[in-house]
Amino acid sequence: MEGLKHGLDAAPLPADHALAIALDFAERRELFGRRLIDLPQARHVLASAAADVLAGEALATVAARSVHTVPDELSVAAAATKYLVPTGTEGVIVELTRLLGARAFLKDVHARGMFQKVDRDHRIVGLFDGNTLVNLNSLVNQFRSLSRGWLRGGGDTEGAVRAFDLSTPLPPLDPSRLSLVARRGSGVMATLPASVAALRAEAGRRPELKGALGAAERLLAVTGRVHEEMDAYRAVVSDVPPAAFDVARHYSLCLAGAACLGLWTHNQRTARAGRTGELWRDGVWLWPVLDRLLVKLGEPDAGDPDAYPPLLERLRAAREAGELFSLIPFSLGGSAGRPTGASDAAAPPAHASGGDGGPPAAVPQGQTDTRAAVGGTRTPEGTSC
């Protein structure tokens, strides 16, 4: 569990920081007489990175809450999260490095060279409490129970729903329920068909959700195929073949999709009225996030360009308002009113914790109750969100 905490605390922050630095650069940099932010390729890179950041946040949120609601399935949620969030963040940094070019490495040119520090600092995250292969191997060792649970609709779906619903207070952790193997399967994964059905019903009333619905239905089909592939490795204990690791990687992506759909389905009505409501309305974050997962799953014709423009505009609006780009409203300390036209040689972006270019210091808005945005509640342990 301590390793999961490391993954949740450390991995999303470099992605947020790198994305903010790259966005500031794209807003200021001119190329061929146009700002970089106005060029289609740059816009796609930024929007794709934004979707990857939110996918990691959604999975991390569900995994962290499931520590309390389904601790007996933590072996699945923790392994998938500790694999997917650090590697997803690494992918974001790699893509943004290409966008920044030499400015990703040079000091005293853009943002005091903080991007290369973010890149360097993040590389150690994947080694906390086991590396990528250790976490994937943990999933391979559970293929038997996970595939059986999928066929039977097993797993603690009630606990998964409590993890999804941010208005539900979290119960105290029950250490006696912790288990090395999710014997009944994954409740988070088992909710996927119901989440798709709920989205389908919602899209019947709101045509603007049809893009997200199409991606969700494709994800459901892929998830079924991934569980079929898992059957070939149900008896693997040692000497895991490389193909089994690929299946575990695909399983993690499908689990992230189930977490995203569950989170959106159980919070979208209340979240639309909150400070981050524009992200939740009309599936603005859900569609591109699911599309990115399909891209990583190798699905043909994934990467729908229509899914991304609204998300990019929300990213830009959040940065202009001095807020962390997040599903939950946060303010970035001291960044309110930051002019986007500041020169590259100006002081470091306000999301930095200090002049050394450390990770962003996200500060919840003092006057904003998270409950108003995503239906969270205050508990003695803190906000349930």
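The dialogue below goes from the whole chain to single residues.

Tutor: This is a predicted model, in which local features need pLDDT of at least 70 and side-chain atom pairs count only at pLDDT 80 or more, while totals for chains, interfaces and linings use all residues. Residues are numbered from 1 along each chain as its sequence is written, and side-chain values use heavy atoms, with hydrogens and water left out.

Student: How many helices and strands are in the chain?

Tutor: Helices (H or I, at least four residues) and strands (E, at least two) are DSSP runs, numbered from the N terminus. The chain has 16 helices and 6 strands.

Student: What share of the residues counts as buried?

Tutor: Buried means under 20% relative accessible area, exposed means over 50%, and partly exposed lies in between (1.4 Å probe, protein chains only). Of the 385 residues here, 55% count as buried. As for the surface, the chain exposes about 15,900 Å² (Shrake-Rupley method, 1.4 Å probe). Carbon and sulfur atoms supply 55% of that area.

Student: What do contacts say about the chain?

Tutor: A contact means heavy atoms within 4.5 Å. Among the contacts with a separation of 6 or more, 78% are between residues 24 or more positions apart. Take Ala58, which lies in helix H3 and is buried, at 0% relative accessibility. Leaving aside neighbours within four places in sequence, Ala58 is in contact with Cys260, Leu263, Trp285 and Leu327. Ala58 and Ser326 are 268 residues apart in sequence, yet their C-alpha atoms are 9.4 Å apart in space.

Student: Which residues touch the most other members of the largest nonpolar core?

Tutor: A nonpolar core is a set of buried Ala, Val, Leu, Ile, Met, Phe, Trp, Tyr and Cys residues joined through side-chain atoms within 4.5 Å. The largest one has 99 residues, and Leu46, Leu96 and Trp285 touch the most other members. Helix H12 gives the most to this core, with 16 residues. Not counting residues up to four places away in sequence, Trp285 touches Leu54, Ala58, Cys260, Trp264, Leu279, Trp280, Leu311 and Leu327.

Student: Which residues of helix H7 are buried, and what covers them?

Tutor: Helix H7 spans residues 143-152, and its buried residues include Phe143, Ser145, Leu146, Ser147, Gly149 and Trp150. The cover includes helices H4 (74-100), H6 (132-140), H9 (187-190), H10 (192-205), H11 (210-230) and H12 (242-271). Just after H7, Gly153 takes a positive phi of about 65°.

Student: What about positive phi in residues other than glycine?

Tutor: Most residues other than glycine have a negative phi. Asp282 is not a glycine, but has a positive phi of about 60°. This residue lies in the loop between helix H13 (277-280) and helix H14 (286-296). Asp301 also has a positive phi, near 65°, and is placed in the loop between H14 and helix H15 (309-320).

Student: Is Asp301 buried or exposed?

Tutor: Asp301 is exposed, with a relative accessible area of 75%. Asp282 is partly exposed, at 33%.

Student: How many salt bridges does the structure hold?

Tutor: Side chains of opposite charge can pair when their charged atoms come close. A salt bridge is a side-chain nitrogen of Lys or Arg within 4 Å of a carboxyl oxygen of Asp or Glu. The structure holds 24 of them. One is between Asp72 and Arg177, with the closest N and O atoms 3.2 Å apart. Asp72 lies in the loop between H3 (40-69) and H4, and Arg177 in the loop between H8 (157-164) and H9, so the pair ties together parts 105 residues apart in sequence. Asp72 is buried, at 17% relative accessible area, and Arg177 is partly exposed, at 30%.

Student: Where do Glu95 and Arg98 lie?

Tutor: Both lie in helix H4, 3 residues apart, which is about one turn of the helix. Glu95 is partly exposed, at 34%, and Arg98 is exposed, at 58%.

Student: Which residues are linked in a network of salt bridges?

Tutor: Glu27, Arg35, Asp38, Arg43, Glu313 and Arg316 are linked in this way.
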